[in-house]
Amino acid sequence: MTGLNLLALNVGSTTLKGATYALEYSDLNAQPRLLECSRAEIQAGAEPQELLTLLLEALPEPAQRPDVVVHRIVHGGNLCGGHELDAAISAELEALAPLAPLHQPAALTVARAAGRRWPQSRHGVAFDTSFHASLAPWSRRLPIPTDWDALGVRRYGFHGLAFASALREVVAQDATILHGPAVFAHLGGGCSVCAVKDGVSRDTTMSLTPLGGVPGPTRSGDLDPGVLLYMLRQNGGDVNATERRLFHAGGLAGIAGHGDMRVLLPDSEPSAQLAVELFTVRIAQSIAAMATGINGLNHLVFSGGIGHRAALVRAQIVARLEWLGLALDTDLNNAGATRIDARTGPGIWSVAVDEERELAESALVWL
């Protein structure tokens, strides 16, 4: 028997992605199968209702009347897994919006717009933070006063849907990644590195917000806290202005004027080359740090727009980690293969992630 039509909506900092699935039931008591039907991507910037209209115009007719709509939410706080969206959860997610200002307000606005457009549909959410619910205590707890920790100031981690998808992709080819230590490097518009032991997250570079950790194309990553205190005093305590610059004018853009790795790599200007070198060194250092926390490294997995597509970036990162036994097969790496190691040490992988599929999978929990 045929089941339900599901629409997965993924609001990013610059795009809205959508994918439709059919939930096929062979038996009323059996878990449904997810069959992908279509997908589309548009640039963000319009009002939420208009965004939905534009996305639906790029998708086939069945997407106009979904039975189920599921949304990606970056910060879920202490919520884990997939949840049907209700007033209580909406309020909890709204309260977390200041911790993910690029994504959370936009995603919740689109969720509200979807609720108005499809009031008879069931609506749900899944969180990037969920993947990191298994963080080790020494990772979760930040070295801050106890009363700050009591306010929820702790490591949550992000990119969870991407990490879950990358893990799923590698498991399909080599299930040994579920047994032992592995490090995942998701390098895209935002960048983070994650330590996975026996298939679960134990440590990650991002912390309370998606601004921390390794530098990204426009985000600063970790800084001496004194930098923030100093700059706040310099600009009269303007928190919003400081936040905007750290999110939009930091990272590679802060050094080279922009964060487009496709342009930076062939650029011979010293600022461009410095940005690339700083980026690859910091990623390599974070991979080594993640491996230290889980006592080894059997697999290294790259994903994200930079991690999956930029062979030269992968090569420069791995070159700094040869002492860990990592060795690339240059031809496979340059050709964009999925497994790119020289088969003499830890496995090295480059995978495309499918966050929309993970969103659809999360809905099976609460449907």
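Author: Aspartate 149 and arginine 154 form a salt bridge (a side-chain nitrogen of Lys or Arg within 4 Å of a carboxyl oxygen of Asp or Glu). Their closest N and O atoms are 3.7 Å apart. Aspartate 149 is buried, at 17% relative accessibility. Arginine 154 is buried too, with a relative accessible area of 17%. Here buried means under 20% relative accessible area, exposed means over 50%, and partly exposed lies in between (1.4 Å probe, protein chains only).

The model is predicted: local features need pLDDT of at least 70, side-chain atom pairs count only at pLDDT 80 or more, and totals for chains, interfaces and linings use all residues. Residues are numbered from 1 along each chain as its sequence is written, and side-chain values use heavy atoms, with hydrogens and water left out.

The structure holds 16 salt bridges. One of them joins aspartate 260 and arginine 262, at 3.0 Å from N to O. Aspartate 260 is partly exposed, at 27%. Arginine 262 is exposed, at 69% relative accessibility.

Arginine 357 meets glutamate 361 in another salt bridge, at 3.3 Å, N to O. These two residues lie 4 residues apart in helix α15, so about one helical turn separates them. Helices (H or I, at least four residues) and strands (E, at least two) are DSSP runs, numbered from the N terminus. Arginine 357 is partly exposed, at 24%. Glutamate 361 is partly exposed, with a relative accessible area of 22%.

There is also a network: salt bridges link Glu36, Arg39, Asp354 and Glu356.

The largest pocket holds about 1300 Å³ of space. Of its 44 lining residues, Lys17, Gly188, Gly189, Gly305 and Arg309 are the closest to its centre. Elements that give two or more residues to this lining include β3 (33-43), α10 (261-264) and α15 (355-366). The largest share, 5 residues, comes from α12. A pocket is an open set of points on a 1 Å grid over the protein atoms alone, where a 1.4 Å probe fits, with protein on both sides within 12 Å along at least five of seven lines; lining residues have an atom within 4 Å of a point. Grid points are joined across faces, edges and corners, and the volume is the space filled by probe spheres set on the points.

The second largest pocket has a volume of about 1000 Å³. Its lining has 28 residues, and Leu208, Thr209, Leu211, Gly212 and Leu228 lie nearest its centre.
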